Amino acid sequence: MTILEEPIKEPLMLRNYVGGEWLESKGEIVDVVNPATGKVIAKVPTSTKDEINAAVEAAKEAFAEWRRTPPLARARCMFRLKDLMEEQFEELSRIQTMEHGKTIDESRGETRRGIENVEVATGIPSFMMGYNLEDIASGIDEYLIRQPLGVFGIIGPFNFPFMVPLWFIPYALATGNCIVVKPSSEDPISQVKIAEMAEEAGIPAGVYNLVNGGRTVVSGMLDHPDIKGICFVGSTPVGHDVIYRKCGETGKRVIAQCGAKNFLLVMPDADLAGTIATCMTSFYGNAGQRCLAGANLVVVGEGLSEQEYDAFYKKIVDAFVDTASKIRVGYGLDELVQMGPLRDKDKKHNVVRFIEKGVEEGARLRLDGRKVNLVGDWPHTCFLNPTVFDEVTQDMAIGKDEIFGPVASIMRAKGFDEAIEMIHSSPFGNSASIFTSNGKMAREFQYRVECGNIGINVGIVAPMAFFPFSGMKDSFFGVLHGQGQEAIRFFTESKVVIQRWF
Ligand code: NAD
């Protein structure tokens with residue numbers, strides 16, 4: 001066991017970044033704890049209503065100048081931001097492991113995916129172009145231009161502290177808007193680092209603001225008449241009942257990417273070794289705290305006799321349990337570790353409650369992650385090992401609710417149609433995957449399934465920065481999505497001009 005050097009040696013005192021200044025908050029201060037070691041690594045304020053209002057004011061003031069800054073100059077800020085992120089790539093990744101718990105490989109992947117959004121936004125001079133047509137009537141021309149709107153609020157979840165706000169930040173800035181970012185108060189350090197880099201990259205004072213905190217900051221954003229739109233990523237109850245509802249009432253644009261319960265179908269003709277290996281990262285990557293994580297594995301008996309199906313089901317379950325039992329759990333800064341802790345002890349207790357319910361409701365517990373077995377000597381506060389249930393049905397809590405932890409529910413479906421019905425009976429529609437070697441079946445799956453992100457022999461359907469991060473039903477509220485061209489449209493107004501010269 002070798003632990004990589006920790007970049008945070010003493011607890012950091014985090015501040016807000018408003019109008020180009022680093023300000024201490026008057027709000028209550030809370031600890032940010034490394035879930036693997038139990039050590040306090042930062043102290044973060046829960047800012048006040050006045051502080052969020054001041055940030056919106058600063059952003060509004062900066063907007064007048066920033067929107068007039070040529071797109072090419074704004075793109076250069078993105079290039080500088082990208083360079084700084086590349087220079088600090090390893091430090092940024094280790095910080096994510098310390099504040100969230102994910103393994104260093106997962107953190108490096110997250111850093112890379114975040115930077116890719118900055119890279120895409122450097123193309124803004126081309127992406128922001130409108131279109132035109134001469135002679136819509138004799139001597140009259142018409143054209144469309146895209147203009148920024150003003151100030152946007154960006155609210156992040158705890159599970160991807162570095163990457164998720166970057167689904168929005170670079171596009172908002174490159175299109176000429178100003179922003180106020182509110183990171184998750186559970187792991188806000190990465191976002192403070194990005195704000196520091198934005199300052200160093202020469203993004204002018206007031207264009208990029210960061211206000212730490214929780215509900216008070218969010219409600220301050222939602223109530224503020226000068227916030228034109230909100231980008232939110234988090235749970236469905238907050239995303240729907242708080243964010244989407246309030247944005248509707250106040251007429252703000254909104255992207256609300258929410259919770260999930262993702263199904264993975266294994267067909268009899270699937271490649272067994274490839275499927276099981278892919279399932280491990282899908283169900284247990286990020287300790288299951290991923291909106292794209294596999295939750296329900298459906299073993300489909302399409303075309304099989306009863307006997308053949310039983311044998312196929314057993315083969316899948318045995319291989320799944322055997323491979324999951326070998327996953328090495330520990331502190332993510334140990335490069336041999338494959339799964340880190342849950343983000344905090346409440347999240348662990350929540351997952352443990354689901355495991356208890358699974359047992360009570362009659363599912364078969366094939367691998368009990370409550371028996372914690374660690375690489376290294378760490379406090380057991382937030383750790384769990386992988387759990388596998390089989391013979392799960394959709395009326396059980398573990399079969400229908402979002403657990404957000406390292407628990408796999410294996411289910412049966414006699415045929416393909418039944419499996420599709422199972423997906424559709426879930427209120428969520430974030431992602432679904434099929435494992436098969438039958439192209440027609442895969443095409444049918446893609447065509448029929450009501451989910452925003454579809455995987456064909458892929459377990460984590462994470463769209464690249466130049467594609468939208470989609471989602472349907474209770475997993476997404478809004479019209480346009482984060483990332484790429486859709487984000488650029490979200491952050492701009494389409495203005496149409498018709499001109500004639502006498
Ligand atoms: P959360 O809803 O608890 O918190 C998200 C953000 O909202 C945080 O910044 C938090 O401070 C704030 N918040 C929490 N409660 C609030 C309230 N009552 N009023 C106002 N603001 C509030 O979500 P989380 O636990 O941080 O993240 C996990 C959830 O996010 C999971 O459900 C996961 O599926 C979802 N998620 C979805 C996507 C996606 O793209 N669909 C991506 C990542 C995570």
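Ala, Val, Leu, Ile, Met, Phe, Trp, Tyr, Cys and Pro count here as nonpolar, Asp, Glu, Lys and Arg as charged, and the others, Gly among them, as polar. The structure is a predicted model, in which local features need pLDDT of at least 70 and side-chain atom pairs count only at pLDDT 80 or more, while totals for chains, interfaces and linings use all residues. Residues are numbered from 1 along each chain as its sequence is written, and side-chain values use heavy atoms, with hydrogens and water left out.

**View 1. The shell of residues around the ligand.** The ligand is surrounded by 24 residues, of which the closest are G156, K182, S235, C258 and E402 (a residue belongs here if one of its heavy atoms lies within 4 Å of the ligand). By class, this shell has 13 nonpolar, 8 polar and 3 charged residues. Domain 1 (17-258 + 475-500) and domain 2 (262-456) each give at least three residues to the shell; the domain bounds come from an automatic or database domain assignment. Helix 8 (215-223) and strand 11 (227-233) each supply at least two (helices are DSSP runs of H or I with at least four residues, strands are runs of E with at least two, and both are numbered from the N terminus).

View 2. A polar contact is a pair of N or O atoms within 3.5 Å. In the side chain of S235, an N or O atom is 2.6 Å from an oxygen atom of the ligand. For E402, the distance from a side-chain N or O atom to a ligand oxygen atom is 2.7 Å. A nitrogen atom of the ligand lies 3.4 Å from a polar side-chain atom of R215. On its own the ligand has 840 Å² of accessible area, and the protein covers 87% of this (areas by the Shrake-Rupley method with a 1.4 Å probe).

**View 3. The second largest pocket.** On a 1 Å grid over the protein atoms alone, a pocket is an open set of points with protein on both sides within 12 Å along at least five of seven lines, and lining residues have an atom within 4 Å of a point. This pocket holds about 190 Å³ of space (the space filled by probe spheres set on the points, which are joined across faces, edges and corners). Its lining consists of V33, N34, P35, G38, R343, D344, K345, D346, T381 and C382, divided into 3 nonpolar, 3 polar and 4 charged.

**View 4. The largest cavity.** A cavity is a set of grid points where a 1.4 Å probe fits but cannot get out. The structure has 3 cavities of 30 Å³ or more, and the largest cavity contains about 120 Å³ of space. Among its 15 lining residues, G288, A293, G294, A295 and F404 are the closest to its centre.

Technical notes. A polar contact is a pair of N or O atoms within 3.5 Å; within protein, one must be able to donate a hydrogen and the other to accept it, and residues adjacent in sequence count only if both atoms are side-chain atoms.
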